[in-house]
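The sequence and structure are shown first.

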Amino acid sequence: GVIHLQIFYKPKYLFQFMGLIGSGLMFITGVLLLISLIAGNLFLTMSMSLDYNNVKDKLITDVKNTQQENGKINEITNNFNSAIMGCQNNSQYEFNSGEIGYTFVIPCEVVLRGQEATIDYAIEKFVNDSYYREYECGFWKCADNSATVFVSETAKNYWTQKFYLSLLVSAVLALIVFFLLEKKKSIFFDLGVLIIISALPLLGINWIISSFSFADILFLKAINVFRIMLLLGIALILTGIIFKFWGFAFNKNESFSKEEVEEIVKEEVSKSKGK
């Protein structure tokens with residue numbers, strides 16, 4: 001009871017108590033901001049990595065290797081003679097693959113280039129159609145039925161939306177930190193440091209997920225995002241340093257000596273007496 005009375009009736013203890021609360025809020029907000037920045041970096045990495053031009057070649061290679069290992073690519077090889085015969089009177093050859101549940105439509109001009117060209121075209125067409133496939137279910141519900149949703153335009157759009165959400169949350173938290181800071185000009189320096197720290201996990205992310213199938217595709221652009229965040233963090237730190245020195249120089253130029261202050265006071269007093 002005595003301690004509580006001392007806090008609320010003695011300004012010194014009250015200020016100390018309020019300072020303690022402010023420090024606690026600053027710590028919690030800073031931690032939340034760091035988590036939000038890390039999440040945003042991961043979302044941005046997956047969004048950039050899942051661009052079709054980035055995943056196309058790797059997907060084609062992985063699918064081709066997987067089909068060869070499972071023997072499913074022989075289905076195209078076994079149907080190649082039928083494709084040659086079918087192209088005598090048609091402009092394209094169609095056959096339905098029961099093993100992978102996909103109907104291949106191959107132009108006859110490709111078939112006439114040979115078996116290897118036909119296989120490459122078929123796999124590239126399969127990868128393209130799988131990537132741009134429209135999923136009517138939600139992202140995570142679709143994942144239960146088809147793993148291909150993780151490497152698709154649907155996944156890219158999903159992670160892009162999550163990145164923008166994390167960006168909004170980070171902006172709100174950064175604003176709260178700004179109001180909690182005693183020295184407002186240090187916000188640029190502090191935010192720059194947090195951004196650089198949040199980007200560090202991206203350096204080891206490829207090593208962590210290398211043992212998971214197809215997971216490395218999701219983080220193809222991890223090093224690119226790290227460089228972007230590193231440059232952004234450095235830019236903010238330099239901005240903070242410039243503001244600090246500019247404020248110091250401004251305050252120094254605006255300072256007055258004791259004699260100058262006394263002279264200004266005398267002039268103002270003389271003016272009031274004259275009036």
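## Salt bridges

The side chains of Asp129 and Lys125 form a salt bridge, with N and O 2.9 Å apart; the term denotes a side-chain nitrogen of Lys or Arg within 4 Å of a carboxyl oxygen of Asp or Glu. The model is a predicted one, in which local features need pLDDT of at least 70 and side-chain atom pairs count only at pLDDT 80 or more, whereas totals for chains, interfaces and linings use all residues. Residues are numbered from 1 along each chain as its sequence is written, and side-chain values use heavy atoms, with hydrogens and water left out. Because Asp129 and Lys125 are four residues apart in helix α7, about one helical turn separates them. An α-helix has 3.6 residues a turn, so residues three or four places apart point the same way. Asp129 is partly exposed at 27% relative accessibility, and Lys125 is partly exposed at 32%. Here buried means under 20% relative accessible area, exposed over 50%, and partly exposed in between, with a 1.4 Å probe and protein chains only.

The whole structure contains two salt bridges. Glu124 pairs with Lys56 in a salt bridge whose closest N and O atoms are 3.2 Å apart. Glu124 belongs to helix α7 and Lys56 to helix α3, so this pair ties together parts that are 68 residues apart in sequence. Glu124 counts as partly exposed at 33% relative accessibility, as does Lys56 at 25%.

## Secondary structure and helix α7

The chain has 13 helices and two strands. These elements are DSSP runs numbered from the N terminus: helices are H or I runs of at least four residues, and strands are E runs of at least two.

Helix α7 covers residues 115–131; at 1.5 Å a residue its 17 residues should span 24 Å, and its end C-alpha atoms are 24 Å apart, which agrees. The expected span is 1.5 Å times one less than the number of residues. The buried residues of α7 are Thr118, Ile119, Ala122, Ile123, Val127, Ser130 and Tyr131.

## The strand pair

Strand β1 (residues 92–97) pairs with β2 in the antiparallel sense over six bridges; two strands count as paired if DSSP finds at least two bridges between them. Gln92 stands opposite Pro107 of β2, and Phe95 has Phe104 of β2 as its bridge partner.

In a regular strand the side chains alternate between the two faces of the sheet. In β1, Tyr93, Phe95 and Ser97 make up the covered face, and Gln92, Glu94 and Asn96 the uncovered one.

## The disulfide

Cys87 and Cys108 form a disulfide with their sulfur atoms 2.1 Å apart. The pair links distant parts of the chain, 21 residues apart: Cys87 is in the loop between α5 (80–86) and β1, and Cys108 is in helix α6 (residues 108–111). The count is one disulfide, taken as a pair of cysteine sulfur atoms within 2.5 Å.

The torsion about the S-S bond of Cys87 and Cys108 is about -90 degrees, so the disulfide is left-handed. Both Cys87 and Cys108 are buried.

## Nonpolar cores and burial

Of the chain's 275 residues, 32% count as buried. The largest nonpolar core has 27 residues, of which Leu50, Val127, Trp159 and Phe219 touch the most other members. Such a core is a set of buried Ala, Val, Leu, Ile, Met, Phe, Trp, Tyr and Cys residues joined through side-chain atoms within 4.5 Å. Two or more residues of this core come from each of α3 (52–70), α7, α8 (139–145), α9 (153–180) and α11 (201–209). Helix α3 gives the largest share, five residues. Apart from this core lies another, of 16 residues, including Leu33, Leu37, Ile195 and Met229.

Not counting residues up to four places away in sequence, Val127 touches Tyr52, Leu59, Ile60 and Val63; contact means heavy atoms within 4.5 Å. Ser47 is located in helix α2 (residues 11–49) and counts as buried at 6% relative accessibility. Leaving aside neighbours within four places in sequence, Ser47 is in contact with Lys156, Trp159 and Thr160.
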